[in-house]
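Please open the model in a viewer and follow the stops below in turn.

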Amino acid sequence: MMTSKAILIVDDDKDMRLALQETLTRRGYGTTLACNGIEALERMREKEYQAIIADIKMPGMSGVEMLQEVKKKGLNTPLILITAYGKIEDAVEAMKAGAFDYIQKPFSSEAVEAIVDKALEQNNKKATKRRHMPKGEIITNDPAMQKIIELASMVAPTRAPFLIQGESGTGKEVLARFIHNHSPRKEYPFIAINCAALPEGLLESELFGHEKGSFTGAISRKLGKFELAQGGTLMLDEISEMNLHLQAKLLRVLQEYEIDRLGGREPISIDVRIIATTNRDLGEAIAEKKFREDLFYRLNVVSLVIPPLRERREDIPLLTDHFMHKYSRDNGKGSKVVSKNALSLLMEYPWPGNVRELENIIERAVILSRDNTLSPKDISLPFPLSVKAEVGENGKQCSMKDMEKALILKTLTEYNNNRTHTAKTLGISIRTLRNKLKEYRS
Ligand SMILES: Nc1ncnc2c1ncn2[C@@H]1O[C@H](COP(=O)(O)OP(=O)(O)OP(=O)(O)O)[C@@H](O)[C@H]1O
Ligand SMILES: [Mg+2]
């Protein structure tokens, strides 16, 4: 049921409040109204909202000031700000302050619905999959990782782009945020966009923006992420999924630092550091003519390839300790230690989901453990180390789904996480394999 979603509408203009309420109620959402920022903050103390939509210009406390207060409280509720027609600088200010997005007046009810749906979807994803927002603190003792950090720190102050390669969950976004935080851009936005999550046409307009009327449905001017990240950093996640047309456009951006809004007349100069990330082998994509070689070289000024966790096992105790502290603190639990046997389990496991997987396992262990020592029974590894050893043994029941998962992960480990070989061996397509892995991660 959609009615479980609660949206807070904040506007000093009564007609606007009611119009928004009507639109969102029609869509099945629960709404609460507030006529200024102070009242809105009051409402937020009483109840949790899944999204907030607020006017930027309100007497007393502006929408941006309210947003800053929300952030100070550590709330991650997506906040959409309403800006006046033609006030592009307001939109930029909104994004800089960390708004989820902005919507320009006058807008249609479809536009409000679309943007609120998007915010709710993201909020939902954050609440489930991405509960752990990487902050840019890199915990490691590994020489290869330290070399990467050293290189990244050296190049961070320049505008040179970066390409960060590494398997899923190795810490690519952590490194991207580290670079941003160690650059003079740190007071400006860090914006991330996942190239695999959007259909091609939408990705183009999300990146480059569009003028009003440039295509059906373009009811008002929209700034793209390149413009919204002005002065800051734009992370292009899963760059391998970008189509060739957009790759050509991106190459031009990296050469000229200029973009054209769709339907725009004049190029707009931008000052943005681009960080691209990928968990796919771009060499393969280049050979298959799916990724431009010139773009690869332009992005890969210094090579940052994060090794998988199984190749830096000495980081496992360090990360375990870090996550144990973090989740004990977050959950109001006393400090914990990990038993010798539990640690050897963690040291042996191949970690196909890398640091993210370790983080999830430790979080669960901390929450479920009853005493101060995490023992093997608290460590619930999601798949048996050996299919043979586990299936049917220990009187354990194993569903087809579990078997499939175990087999996929085992084969993947055998092939050193090479997805092409794994898919071939198992007789499934790479896409199917990718979808399955995504499912296991969620
Ligand atoms: N070295 C590290 N120190 C502390 N935390 C880390 C480290 N590496 C990864 N993490 C944590 O692991 C999780 C996954 O990291 P991140 O999101 O950066 O991975 P990723 O490589 O971008 O993964 P994906 O390819 O799936 O997007 C995050 O919660 C992050 O905070
Ligand atoms: Mg990532």
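**A helix pair, then a sheet**

Select helix 13 and helix 15, whose crossing is right-handed (the near helix is turned clockwise from the far one by less than a right angle; helices are DSSP runs of H or I with at least four residues, strands runs of E with at least two, both numbered from the N terminus).

The model is predicted: local features require pLDDT of at least 70 and side-chain atom pairs pLDDT 80 or more, while totals for chains, interfaces and linings use all residues. Residues are numbered from 1 along each chain as its sequence is written, with chains lettered from A and ligands numbered from 1 in the order in which they are written.

Next, select the open sheet of 5 strands, ordered 2-1-3-4-5 with parallel pairing (strands pair if DSSP finds at least two bridges between them). Strand 2 and strand 5 (101–104) are at the edges with a single partner strand each, so one side of each lacks a neighbour in the sheet.

Zoom in on strand 1 (residues 6–10) and strand 2 (residues 30–34), which run parallel and are joined by 5 bridges. Here Leu33 is the bridge partner of Ile9, and Ala34 that of Val10.
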